[in-house]
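Here are a few exercises on how two chains meet. Grab your viewer and work through them one at a time.

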Number of protein chains: 2
Amino acid sequence: MINLIEQQVDKQPILQQVSKLKDFLLNHVNQKVVFLTSGGTSVPLEQNTVRSIENFSSGLRGAASAEYFLREGFVVIYYYRDKCLRPFARHLNVQKLINADQEELEKLKQLQQVDRTKLYEVSYVSVMEYLYFVIKAMEIFKELKLNILVYLASAVSDYYIPKNMMAQHKIQAQDKLELELMPVPKILGLIREIYQEAIIISFKLETDDDILYKKIQESMKKYNLEYCIGNLLQNRRDQIVIYNKGEFVKMERNKDEIEEQIIEYFKQNIK
Amino acid sequence: MINLIEQQVDKQPILQQVSKLKDFLLNHVNQKVVFLTSGGTSVPLEQNTVRSIENFSSGLRGAASAEYFLREGFVVIYYYRDKCLRPFARHLNVQKLINADQEELEKLKQLQQVDRTKLYEVSYVSVMEYLYFVIKAMEIFKELKLNILVYLASAVSDYYIPKNMMAQHKIQAQDKLELELMPVPKILGLIREIYQEAIIISFKLETDDDILYKKIQESMKKYNLEYCIGNLLQNRRDQIVIYNKGEFVKMERNKDEIEEQIIEYFKQNIK
């Protein structure tokens with residue numbers, strides 16, 4: 001499976017990213033670390049990519065969660081989709097800043113005071129790039145025997161087009177377009193294989209309530225997960241459900257952001 | 001054709017946008033106006049959209065061109081893909097701002113001084129939303145007898161999934177995914193039908209040089225266009241070609257941004 005992923009990516013730049021991450025971690029030994037993925041992955045339809053299939057995610061859940069983990073003293077590795085929201089920066093509205101909105105300028109000043117030394121950010125675009133980095137990062141976490149929390153808030157594509165089936169150039173106009181996509185290897189299985197001891201918090205987004213609960217239970221069982229957070233696209237900012245040890249804990253937003261409550265839950269439950 | 005597009009969109013919010021645009025234009029009569037589209041369009045794969053096919057475009061060409069048109073005294077209607085680059089704001093790096101980078105803070109101060117009263121911005125997401133707004137806006141331009149320049153820098157999707165063929169909920173995992181997409185109505189033909197007198201500057205992006213020239217000539221002929229700007233994905237920031245009256249004018253970047261040269265060309269050529 002890792003072989004198949006390797007064949008789809010340009011390995012060198014990713015291995016360099018992983019090596020830099022290792023250096024960062026060596027400077028933060030004996031600290032609580034969370035590896036947090038955020039934003040949707042991209043599936044290119046052409047080798048010279050003009051078109052891609054995207055999974056919807058603004059990166060808000062990931063970026064907000066990162067801030068609350070930092071507040072709880074965690075070292076946060078924020079692995080995010082390029083151009084998605086990032087911790088702290090997400091609060092700024094550039095349009096308001098150039099309109100010299102006083103409230104926004106005040107916010108900027110406050111954000112400049114935030115200590116971000118425990119935050120490490122690195123970005124991805126394609127789903128295969130995402131998978132390969134996660135695999136290699138997990139190998140590093142294992143090597144360093146990190147007591148790591150893996151918080152998978154990314155919206156990962158389920159299907160992709162293998163390189164050898166992909167058009168080299170922009171697909172030309174025709175009567176209709178037929179695409180055939182293959183299933184993406186499941187990252188949860190790969191993480192489990194590499195680093196048994198990692199505590200995994202996985203996410204499941206659906207649009208249909210009936211399907212959500214079933215999918216969570218299947219996934220928990222299949223990958224022997226500790227926690228799974230389920231949400232519906234329609235009300236994901238207000239309601240989530242956390243599944244742990246056969247029980248569903250429902251959570252409704254009672255603070256500014258539900259991510260604050262999620263991280264409080266894990267603070268209580270994971271020692 | 002317009003019927004077909006109407007069936008794919010929620011008309012009311014778009015008609016409201018168009019009505020606001022008309023109010024803006026009535027406050028800017030007897031001025032040179034450019035209608036500038038920017039950024040890639042989105043093709044949803046599900047009605048409760050988790051996945052979409054996207055056309056790559058950062059919006060840089062459109063946003064940069066808008067600034068140079070404004071400098072030349074044009075009123076600019078900037079119709080952009082939500083989250084893509086926008087005129088002036090594009091120059092700011094939020095990460096640098098929260099790092100209190102002095103150069104970036106200085107840039108922000110300068111941008112706050114820019115007069116943006118002649119800039120009107122309105123955004124889209126899906127390709128059908130894009131098409132419907134462009135059609136309705138062209139009807140307004142015709143009604144107001146505007147001497148309008150239509151500068152189509154958007155990367156418009158060629159294929160879409162009609163609503164009646166679209167899954168309602170998130171597509172569930174299966175062995176492989178097969179998608180069938182239908183061709184998107186050609187906006188150039190629609191614009192020509194609605195407002196004969198509009199001067200159209202269209203864009204053609206390809207990844208293969210051999211195809212580019214052929215496609216430009218075909219498109220010019222088919223839609224009776226005045227100008228077409230061709231570019232290759234690979235070097236689009238440095239080289240373009242402008243096709244007008246059977247002649248190709250090649251342009252290489254010799255300023256900070258090639259968009260500055262493009263707008264100078266049109267200043268010379270369109271009276």
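A polar contact here is a pair of N or O atoms within 3.5 Å; within protein, one must be able to donate a hydrogen and the other to accept it. Keep in mind that this is a predicted model.

**Exercise 1.** Work out how much area chain A and chain B bury between them.

*Solution.* Next, the area: the two chains bury about 4600 Å² between them, with 54% of it on carbon and sulfur atoms. On the chain A side, Val50(A), Ile98(A) and Tyr159(A) lose the most area to chain B, together 14% of what that side buries.

**Exercise 2.** Count the polar contacts and salt bridges between the chains, then see what chain A brings along.

*Solution.* First, 15 residue pairs are in polar contact between chain A and chain B, both partners at pLDDT 80 or more. Then the salt bridges: the count between the chains is 4. One of them links Arg51(B) to Asp158(A), with the closest N and O atoms 2.5 Å apart.

**Exercise 3.** Find how β3(A) pairs with a strand of chain B.

*Solution.* Go to residues 51–55 of chain B, which form strand β3. β3(A) pairs with that strand in the antiparallel sense, over 5 bridges.

Technical notes. Residues numbered from 1 in each chain as written. Chains lettered and ligands numbered in written order. Predicted model: local features only at pLDDT ≥ 70, side-chain atom pairs only at ≥ 80, totals over all residues. Heavy atoms only, no water. Buried area = accessible area lost by both parts, 1.4 Å probe. Salt bridge = Lys/Arg side-chain N within 4 Å of Asp/Glu carboxyl O. Polar contact = N/O pair within 3.5 Å; in protein donor to acceptor, adjacent residues only side chain to side chain. Pairing = 2+ DSSP bridges. Helix = DSSP H or I, 4+ residues; strand = E, 2+ residues; numbered from the N terminus.
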